Amino acid sequence: MPRILRVLFWIAVSVLGALALATIALHRGEQINALWLVVAAVATYAVGYRFYSSFISAKVLALDPLRATPAERLDNGRDFVPTNKWVVFGHHFAAIAGPGPLVGPVLAAQFGYLPGTLWIIAGAVLGGCVQDFVILLFSVRRDGKSLTEMAKSEIGRVGGVVAYVAVLSIIVILLGATALIVVNALKSSPWGTFTIAMTMPIAVLMGVYLRRIRPGKVLETSVLGFVLVLAAIFGGQWVSETPSWAAIFTLTAPTLAILIIVYGFAASSLPVWLLLAPRDYLSTFVKLGTISLLAVGIVALRPSLHMPPLTRFADGSGPVFAGTIFPFAFITIACGAVSGFHSLISSGTTPKLIRREPETRMVGYGGMMAESMVAIMAMIAASVLQPGVYFAVNSPAGIVGQAPEAAATTIRSWGFPVTAAQMASLAHAVGEQTLYNRTGGAPAFAVGMAQIFSNTLGGQAVMALWYHFAIMFEALFILTIIDAGTRVGRFMLQDALGHIWKPLGRTSWYPSILFTSAVIVAAWGNFLWQGIKDPLGGINSLWPLFGICNQLLATVALCVATAIIVKMGRVRYVLVSLVPLCWLVAVTFTASWHKVLDPNPRIGFLAHARQLAAAGANPRLIFNDRLDAAVTGVLVVMVAMILIESGFECMRVISGSKSAATKEAPFVMTSLAMEEQA
Amino acid sequence: MKVKSLPCCARLDSRGRLSLRELFGLIVAVLREIFDESAYQRFLDRGQLQSSARAYEIFMRESEQAKSRRPRCC
């Protein structure tokens with residue numbers, strides 16, 4: 001394309017993006033079309049990718065197409081395999097896409113669609129994409145080293161220990177919080193519970209089929225599993241309409257919690273091929289399909305957003321979770337804009353597949369843009385709901401009351417029209433007994449998604465099927481994370497305990513497997529139990545705690561990135577990672593301060609503990625609040641230590657008292673460039 | 001180099017378009033990588049083995065540690 005046309009094209013994209021952003025930011029008192037959000041996001045991502053990531057590639061990282069990557073140098077056909085960049089992109093996206101970008105934006109929609117949308121777009125382009133990109137490249141230049149190893153070698157011992165503790169904490173809290181989302185989605189829902197229960201024998205069947213009948217035919221097996229899951233969704237309708245069966249699958253929150261805890265323990269101890277691997281394949285298959293379907297649905301239907309751009313809950317009195325926009329919108333959105341967890345993927349499997357250094361830009365920066373787009377779709381799914389319905393679904397009984405009429409009256413008093421009859425009709429339409437008090441974001445997302453899907457395909461008659469398809473998708477997704485996360489946590493614990501007593505470090509020794517699985521399950525099970533007993537719905541405590549952990553991990557990753565950029569002698573470009581780092585420090589430290597010390601019992605853990613103590617509540621509830629405060633405090637102190645250590649390291653390099661040497665693998669000329677030319 | 005054997009190197013034609021066939025091939029290649037079919041094929045190629053229940057069992061055992069330690073993102 002001639003240069004003048006290119007310039008005009010990018011001017012047009014920028015103007016379109018600015019127009020869309022102005023539309024979503026400035027419209028008040030009238031509904032806007034969801035496509036404005038999509039256009040604003042796509043145009044901003046396009047400009048960010050074309051110009052900002054290009055600047056980072058050329059000036060900050062100096063990507064070298066002639067430098068051989070570890071995939072080429074260490075090619076063993078197993079972990080290290082030079083792979084086509086589109087294939088790595090798909091692989092990377094499938095690995096980073098989790099429930100966070102679906103749940104976080106739905107919860108943050110209580111502030112209105114505007115704060116969350118702006119943060120998802122800006123946070124991704126300037127923070128999340130940058131983090132994923134630079135960590136991926138730095139890992140590629142260090143033979144695929146993990147974030148923990150890089151923190152240790154580039155910052156110091158404290159960096160390594162903090163990264164390890166942060167990763168383990170985030171896994172435990174993530175599992176507790178996401179398990180709570182499943183419990184809240186499935187309680188008193190025989191249809192949903194039956195469907196999810198059926199995914200377990202389906203996964204085992206897939207495992208046996210894959211191992212004995214059609215070895216290695218994973219795609220074929222996943223399609224078969226998907227067909228069986230669809231049959232289970234239809235079967236669930238029959239179960240819910242048959243009183244004797246419905247009674248069996250109508251479970252309370254504590255019963256579901258116990259079942260999930262038992263499942264987590266069993267899944268962590270069973271052979272990978274039997275349950276974990278097939279579930280993982282099935283979940284990935286459903287995940288990729290559903291996200292694509294949702295994107296098509298939004299573009300085809302172009303729904304209007306009923307949620308206002310800003311709600312009255314910007315003042316911090318929100319029923320879904322308490323706290324003001326700063327810092328809680330940022331903590332809640334978490335993975336949709338910046339995710340610390342991505343740095344583990346960017347320094348895990350992905351760097352071992354990268355064929356050429358310049359491809360890290362598309363995979364790292366571009367992969368996070370795709371993830372952020374998923375968050376925008378979740379925000380749309382929540383915002384197409386009538387606000388009254390959104391708050392009725394997401395508000396805990398402790399805030400709006402148990403009785404339908406009382407809850408509807410409370411929500412109407414906030415200025416969001418909704419009636420008990422409307423909620424009963426909606427519950428009937430989606431095949432549920434009730435939709436009140438379903439905190440956690442998943443049911444609200446499912447209702448929004450069902451609304452979009454049913455208007456695109458099948459009409460209102462199939463809304464219940466779409467709703468349960470969405471619930472199945474989220475629950476399957478989350479249960480896969482629970483079994484995989486428990487196993488990852490178990491391995492991390494075994495690695496650490498192996499330093500104390502060698503047999504505990506042996507990953508195939510069954511007593512060690514059972515002991516460490518029990519420890520990890522007990523840790524996240526405690527948070528889950530705390531969530532279901534919490535009169536404020538659990539999510540009010542657990543999701544911010546998870547968000548804080550996640551963003552603290554991103555802080556660690558950006559600390560590592562900043563230290564390496566300084567050591568590379570590119571201090572003049574350090575703002576690329578330093579600005580998002582400072583922002584995350586401000587957000588996470590402020591949020592942590594509020595969650596621990598805020599005098600409002602709905603926000604501060606210690607204030608809530610004092611309130612419970614004064615009311616003579618169960619000591620266990622008081623202990624839970626103090627535990628949450630302690631976990632937050634310890635993490636903040638540890639991250640402060642890594643900040644100080646990396647700050648000193650950078651100062652020593654800048655002042656010249658230490659040589660600016662990074663721990664990169666030596667340069668080796670690639671042979672791929674010549675092969676491609678030939 | 002392994003990359004040469006991957007059926008996924010979609011190229012643009014002289015008008016800068018990606019043919020549907022190549023696009024389909026690319027999508028299949030991405031899915032095969034995500035679902036470990038390519039990894040299994042590489043395992044078979046490496047050991048010069050035929051696909052069988054026994055070969056798949058060995059492949060699964062070999063990749064079990066890596067698969068178990070791979071974090072799932074939030």
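**Reading contacts, helix packing and cores**

Me: How many residues of chain A are in contact with chain B, and how many of chain B with chain A?

Reply: Two residues are in contact if their C-beta atoms, placed from the backbone, lie within 7 Å. Here 50 residues of chain A are in contact with 36 residues of chain B. The model is predicted: local features need pLDDT of at least 70, side-chain atom pairs count only at pLDDT 80 or more, and totals for chains, interfaces and linings use all residues. Residues are numbered from 1 along each chain as its sequence is written, with chains lettered from A and ligands numbered from 1 in the order in which they are written.

Me: At what angle do the axes of helix H26 and helix H27 of chain A cross?

Reply: Axes are lines fitted to C-alpha atoms, for helices over the stretch in contact, and angles run from 0 to 180 degrees between N-to-C directions. The axes of H26 (residues 605-614) and H27 (residues 619-655) of chain A come within 8 Å and cross at roughly 165°. H26(A) and H27(A) are therefore roughly antiparallel (over 145 degrees). Residues of H26(A) including Phe605(A) and Leu612(A) meet residues of H27(A) including Leu621(A) and Ala629(A).

Me: Which residues touch the most other members of the largest nonpolar core?

Reply: Such a core is a set of buried Ala, Val, Leu, Ile, Met, Phe, Trp, Tyr and Cys residues joined through C-beta atoms within 7 Å; buried requires 20 or more other C-beta atoms within 10 Å of the residue's own. Of its 233 residues, Ala382(A), Ala392(A), Phe445(A), Val556(A) and Val560(A) touch the most other members. H22(A) gives the most to this core, with 21 residues. Another core, of 5 residues, lies apart from it and includes Phe605(A) and Leu612(A).

Conventions: Helices (H or I, at least four residues) and strands (E, at least two) are DSSP runs, numbered from the N terminus. Angles under 35 degrees count as roughly parallel, over 145 as roughly antiparallel, 65 to 115 as roughly perpendicular and the rest as oblique. A residue is buried if 20 or more other C-beta atoms lie within 10 Å of its own, exposed if 12 or fewer, and partly exposed in between; C-beta atoms are placed from the backbone.
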